[in-house]
Amino acid sequence: MEITESIRDIPVQDPTEEDFSAADLNWTKFGNAERHDVVAIIPYARVDAFIIGECSNIECPTRFHIERGRKRKKGSLKDYKSDEYLEYRMYWCSFGPENYGEGGGILPSRRYRLNTRNRAARPQSMRGCTCHFIVKRLYARPALALIIYNNRRHVNKSGFICHGPLDRDAIGPGAKKIPYICNEIQQQTMSMIYLGIPEENVLQKHIEGIQRYCGNSNAKVNSLASQYVHKLEMIIKRSTHELDLDDQASIRMWVERNKKSIFFHQDSSEDTNPFILGIQTEWQLQQMIRFGHHNLVAADSTFGIKRLKYPLCTLLVFDSRQHALPVAWIITRSFARLDVSKWMKALVDRARTAEPGWKVSGFIIDDAAAEIDPIRDIFSCPVLFSLWRVRRSWLRNIIKKCNSIEVKREMLKALGKIVYSIWDGVETAIAIEEFMQDFIDQTAFMQYFKATWVPKIEMWLSTMRTLPLASQEASGAIEAYHLKLKAKLYDDSHLNAFERVDWLVHKLTTELHSSYWLDRYADESDSFQNVKEEYISSTSWYRALQIPDSALTFDEKNHLFASVTSQKDSNLEHIVWNPGTEFAFCDCQWSMQGNLCKHVIKVNMVSESHKMGFYQPCMSLQSFKEVLMNIWTKPMDDSVSLDLSVAWTHQMLDKIQRLVELSGSNNIGNVVNNLPLKWVSKKGRTSIGKPSSSLALTSGSKDRMKNRKNRKRKRLSQFR
C-alpha cells in the first residue's frame, strides 16, 4: 500500500448499502514514511451508517461510545492544513478499556459492579479492547468526514480476542449451571468439527460424553450442550490464522498464547539466530513418552522445502498398530548442527522431565544430509536410515518421464543395482556410468538425474553403507504420514497462504492434530467405527496383510513380474514388476503415483520364501547381517574384546527373541508367565532406585518418636 501525502488524492467513498463497515471501504495510508495513518473519506452524513455497520460485526458484536471529542467554529482558523478538523470525535469499543490484559492474561467477565462513576460501558464489559477509530469532519470540506482507524481488530494489548463469540475464555453468568466438560470431551468435539462431521452427530457424541461424567442428562443439560457445540463450531469456522497482518508478529502472539504447546522457540529478529519453532501439545508429549520409550522415533524431514516459507520437520513414533504418529513439529530453515542440537535437547529434556527414565532405542532419518551427531549425543541411541524418499523420488520421475513399461522396469531395476552395489563390492562410479550409458536415450529422466542426484548420490550411498537400513513397514508408515500431511496442507484455497508461518501452525495444531487424536481415540475406545476402520487400514503394510498368499502368481520362467488377484474383483489382476526388491513397482493407480502399494509389499513378503536363492533378501535384512558380520570379525581371537562382543551379541539376541515372542503371541499372559521372577521388597515396589532417606529405626528410637508426637499434641491442645 503506497503512502499518500495529499488528502486531495484520497477518493471519496459512498457505499450503496444502508449500513456499511470498514470491510466495505478501501483504505489508504496518509502521511509520510515516518508517520502515517490508515484512512478513508466518506460523506459526513453517512458517519452514523458506518458506526452502525461497525457495531454489527458478526465476530465481535459491540457498541462504540465517544471517548473524546472537540469542536471548532467555522472561520476560527486563518491558516490550516488540508486534514484540520471542524469536529473531532474518537469512538472506542465499549468492551474497553479498563484493563488491557497486561502480561498475556485474558480477563474473565466480572459478576459484580465496581463503585465507579462516569463509565462509558458496564463494568462487566470492560475487557481491555483496543479497537477504536477517529472521525474528523474536515475544516476545508465540511460535507466530508475523514475516518482514521488506529486499531481495527477487537483484541487487547496482548493481541488476544477479548469479547464476542470468538473469546474462548469469557465466563458467562450461568457458568455454575453448565455441566462438567473435561479436556477429552472438548478435544473429541473439536476433532469431529474439524473433520466436517455433521452438527447433529457431534452433539449426540458430546451429550454421550457428558453422561459418562455427569450421569443422566436432562432437557436443561441437553440445551446447554447444544449451545456449547454450536458456539464451539462457530468459533472454529470463524477462527483465522492471522492474529496480525505481519506474519512474524502473528507468530509471536500465537506463541505467547500457547506456551504449553511450545517446547522451543527462537525468533529471527536477530540476524545471527535463524527462526526455529518447536510445537508439541500435551497429548503429543504423552504419546511420545508412551510409544517412544524403548522404541523407535522417526523423522519426516524437509517437508515443503520448495513451497512453504519454512520447511517442516516432523518427529514420529510408531503406535500400537505400528502406524506413524506425529509427536512434534519443528518449523525452521536451518539444519546446522548447533540449531538442531538446541531443539533436540529441549525436546528430550521435556520428555525426561515428565518421565525421568525415558529412552529411545533407535532414531530413523530419511535425509542423508541430516546431522547425525546431535541424535547420537542427545538421544543416545543408534541411527537408522529409511529409503522411502529415494525410492519415491526415482519412481515418480521414471513414471512421469518415461513411456514404455519395459523401460520403466529396467531403469528402476538398474537404479536398484546401484544401491545394492554397496554390498556387492562394485564401485559406485562404474555402476552409475553404466546406468547412464544404457539409458542415454531417455533424455528427460537423465537431465533430472544429472541435475538432482549425480552431485549428491555418493553422499546418499555412503549413508546407506554406514547406517543400518529401516524396514519396509517403517518406511511405509512414514510415507503414509507424509501423504496425509500433504493432503491436509495443500488443499487450502487461501492465496499466498504457503508464505505464512501462522497458517502452517494453524493447520498443524487444528486439523491435523485433531485427525490423529480422533484416530487414536476411536481405536482405543472402540467407537467411531468408520474412523477406526479407516485408521487401521491407512498403511499399505496392513492392507498387504489382508491379501492371501493364494492370490499371488510368480513368473517362474524369467522372474520379471508377479501377478496379484484383486480381492474386490476376481477378474482384475495387478502386475508387480521387479518382485523381491525395494525397487519393485505395480501397475495399480496408487503405485503409479510413486507410492509404496500393498501389492508390492505382499509380493516382497512372499518372495523371500519363494524360490530361495533367486530373489535377494530385503535391504534392511542385508544391512542387519552386515552389522552382525562386523561385530563378529572385529575382535582379536582370545581377547577381552572378543568376550565383550560375545556378551553384547547375546544380550542383543535375547532382546530380539523376546520382541519376536511378544509380537507373535496372541496371549500376552503366556509371555509374562515365562519371564524370570524379580523379587522386590514390599517397600521398594513403589520406590525402586530411590535411596532410603533414613536408616531403619530401632525399637527404642520408635518409642522416643512416639513420645515426642504425644507432647506436640498436648501443646497444640492448649491453644484450642
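Which side chain does Arg-137 meet in a salt bridge? In this predicted model, the partner is Glu-87, with N and O 3.5 Å apart. Arg-137 sits in strand S6 (residues 132-138) and Glu-87 in strand S5 (residues 85-93), so the bridge ties together parts of the chain that are 50 residues apart in sequence. Glu-87 has a relative accessible area of 16%, so it counts as buried, the limit being under 20%. Arg-137 comes out at 23%, and therefore lands in the partly exposed class.

Now look at Arg-46 and Asp-14, whose side chains also form a salt bridge, this time at 2.8 Å from N to O. Both residues are in loops: Arg-46 in the one between strand S3 (36-43) and helix H1 (47-55), Asp-14 in the one between strand S1 (3-4) and strand S2 (28-31). That's a link between distant parts of the chain, 32 residues apart. Here the arginine is the buried end, since Arg-46 has 15% relative accessibility. Asp-14, at 48%, is partly exposed.

For another pair of this kind, go to Glu-371 and Arg-337, where the closest N and O atoms are 3.3 Å apart. Glu-371 is in the loop between strand S13 (362-365) and helix H8 (373-379), while Arg-337 belongs to helix H7 (residues 337-354). Those positions are 34 residues apart, and again the bridge links distant parts of the chain. Both ends are partly exposed: Glu-371 has 24% relative accessibility and Arg-337 has 44%.

Salt bridges can also share partners, and in this way Arg-290, Asp-319, Arg-321, Arg-520, Asp-523 and Glu-524 are joined into one network. Across the model, the count comes to 24 salt bridges. The background is simple: side chains of opposite charge can pair when their charged atoms come close.

The crossing is left-handed. On the H11 side, the residues involved are Ile-432, Phe-435 and Met-436; they meet Phe-445, Met-446, Phe-449 and Lys-450 in H12. Sorted by type, the residues of this contact are six nonpolar, no polar and one charged.

Methods:
Residues numbered from 1 in each chain as written. Predicted model: local features only at pLDDT ≥ 70, side-chain atom pairs only at ≥ 80, totals over all residues. Heavy atoms only, no water. Left-handed = near helix turned anticlockwise from the far one by under 90°. Helix = DSSP H or I, 4+ residues; strand = E, 2+ residues; numbered from the N terminus. Contact = heavy atoms within 4.5 Å. Nonpolar A, V, L, I, M, F, W, Y, C, P; charged D, E, K, R; others polar. Salt bridge = Lys/Arg side-chain N within 4 Å of Asp/Glu carboxyl O. Buried < 20%, exposed > 50% of the residue type's maximum accessible area, 1.4 Å probe, protein only.
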